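Hello,

Here is the structure I promised to pass on to you. Please open it first, and then read my notes below.

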Amino acid sequence: MTNQPNLPPAFADLAPFLDWALPTADERQQRRLAATSEGLRAFYDAVLPRLEDILSALDEYPLGALPEELRPLYGIALSLAEVAPHIELYGGAVGVPYAFEEGRFIAVHGGQPTWQGLQPMGFQ
Amino acid sequence: MNAEHRWLEAYPELGSGPISTEPYISPDWYAKEKEKIFRKVWLCVGRANELPKAGDYKVKRLEAADTSVIVMRGKDGQIRAFHNACAHRGNTVVTEHGQETYGRSKAAVVTCRFHGWVYGADGALKSVPSEDRFYACFDKQKNGLAPIHLESWEGFLFVNVAEQPENSLAEFLGDYAEHFRGFPFDELDYGFTYRTELECNWKVAHDAFAEAYHVDTIHAGSFPNVFSTGLQNVKLMGPHRTCAVCLTLDAKPTPVAGVANRIAGASLVSLRGESMLPPLINPDRRSDFAFELSVIFPNTLLHISEGIWFTHQFWPIAHNRTLWEGRYYVKAPQTNAQRWAIEHAMTLQRNAWLEDTATMEDTQRAMQSRAKSIQHLQDDEILIRHGAIVVEQFVNA
């Protein structure tokens with residue numbers, strides 16, 4: 001059985017959004033595309049006020065050395081980066097308006113767990 | 001002087017007439033471009049720091065030059081390039097996984113998967129299983145990998161597949177090399193790559209990125225309220241070209257962008273400083289300077305800005321099919337928050353590129369309908385005009 005992702009007690013209020021706690025850019029993009037406008041808005045409104053606190057908590061550890069229990073919190077913050085333009089610029093649209101087909105764009109870094117801080121270009 | 005026609009007045013030799021769409025849709029024209037351009041000139045295939053250690057290699061497909069190239073660092077530190085073709089029966093030596101394949105060999109060798117022939121990073125054929133069963137006419141010394149000319153500039157690796165290139169890389173780049181010299185490309189080495197195959201001619205893709213006239217319409221979503229003051233400092237340098245793009249940046253960023261800009265400044269819409277720009281870039285130190293937009297002929301767009309640089313490359317696959325690669329580089333993050341802020345900047349940039357690429361396949365289809373046989377360019381589309389003229393000069397040379 002896999003462990004359910006969890007959040008530190010100080011961020012327990014974000015538990016309803018644990019399905020956004022995704023480690024890779026590809027998964028966060030897929031989650032956003034599968035969301036509704038209302039879902040994006042609810043996530044954005046809940047996480048934005050906690051963003052600075054989240055980033056401070058994460059920065060108690062060096063890049064690449066985030067303990068496992070903080071990785072879901074990082075995933076939520078990264079999902080906010082993915083979602084924010086859709087609330088702040090695109091009126092809640094889940095896709096980028098008037099754009100090329102997103103599914104055809106390949107992100108070379110798309111499968112990397114972001115918390116590891118690897119070179120995104122694909123070479124090591 | 002007519003301020004609306006300042007680039008025509010600066011470069012009257014380019015003329016002002018309409019541009020034919022035929023070079024964008026003709027298979028015959030594309031065949032000539034392959035022969036007269038892509039098999040003759042220097043092409044940028046990567047950066048030296050992608051191959052930090054001896055034995056690191058990268059294989060890049062170059063369909064427009066009918067080959068794929070192995071770029072490999074030897075134990076002597078030298079980077080060399082070879083055709084990815086085995087001297088035995090022509091199999092690719094390094095098995096490719098798509099358009100770009102990275103690998104590492106501690107022994108600094110590559111081995112053909114078909115029959116196990118082994119080549120060194122200097123291209124020499126080192127080992128042939130059952131060598132004694134070949135005949136006297138087979139000479140191991142003469143059957144190394146076929147070399148490709150490779151030279152570098154500011155850490156960029158260029159190859160030239162011509163048997164004898166017509167010029168050195170330095171001669172080819174000319175004044176362009178001086179214009180960009182000194183920008184800290186190597187310090188900003190945290191690079192994201194997006195790629196896709198576009199159903200359009202490579203010049204359709206080039207043209208869509210080589211002007212700022214589209215910013216107010218195409219990027220109304222991702223980069224709103226950046227009223228464009230147009231191009232500045234247009235400079236044509238042989239087949240290459242550059243200009244400054246000036247944008248009036250929104251004074252008040254959106255909430256998440258505000259946090260991200262404060263942490264990393266990795267976005268094009270964060271405030272621009274001028275601490276790392278070479279002296280020839282934005283020489284008047286205009287406060288509305290956003291980035292330098294340049295083209296290394298034929299297929300590389302290089303942009304630089306404070307703390308950021310990015311490239312677009314357009315690799316022709318057919319007359320109406322192109323591999324597009326967008327790479328975006330910033331300083332490597334030191335903290336989790338910086339990595340987060342870079343993710344935000346990159347997401348915004350990806351979305352802008354999704355907007356940029358939206359028009360290209362429609363443009364190609366419309367051109368192929370032959371409903372219109374010419375296109376009209378305004379003064380701030382001079383980079384496109386120059387590009388079309390240079391391509392024509394090469395093809396008809």
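**Chain A at a glance**

Read along the sequence, chain A runs α-α-α-α-β, that is, 4 helices and 1 strand. Helices (H or I, at least four residues) and strands (E, at least two) are DSSP runs, numbered from the N terminus.

Before you go further, please note that this is a predicted model, in which local features need pLDDT of at least 70, side-chain atom pairs count only at pLDDT 80 or more, and totals for chains, interfaces and linings use all residues. Residues are numbered from 1 along each chain as its sequence is written, chains are lettered from A and ligands numbered from 1 in the order in which they are written, and side-chain values use heavy atoms, with hydrogens and water left out.

How does the radius of gyration of chain A agree with that of a compact globule? For 124 residues such a globule would come near 14 Å, and chain A has 15 Å, which agrees. The radius is taken over C-alpha atoms, and the globule rule is 2.2 Å times the number of residues to the power 0.38. Along its principal axes, the C-alpha trace of chain A spans about 40 × 35 × 30 Å.

Of the 124 residues in chain A, 49% are buried (under 20% relative accessible area, with exposed over 50% and partly exposed in between; 1.4 Å probe, protein chains only). Among contacts (heavy atoms within 4.5 Å) in chain A with a separation of 6 or more, 70% join residues 24 or more positions apart.

**Strand 3 of chain B**

Two strands count as paired if DSSP finds at least two bridges between them. Strand 3 of chain B pairs in the antiparallel sense with strand 6 (residues 100–104) over 5 bridges, and Asp56(B) has Arg104(B) as its bridge partner there. Strand 3 of chain B also pairs with strand 4 (residues 67–73), again antiparallel, over 6 bridges; here Arg61(B) is partnered by Ser68(B). The hairpin of strands 3 and 4 of chain B has 4 residues between the strands, and Asp66(B) takes a positive phi near 55° in this hairpin.

**One loop residue**

Ser16(B) sits in the loop between helix 1 (6–10) and strand 1 (19–20) of chain B. Leaving out residues up to four places away in sequence, Ser16(B) touches Leu8(B) and Arg385(B).

Best wishes
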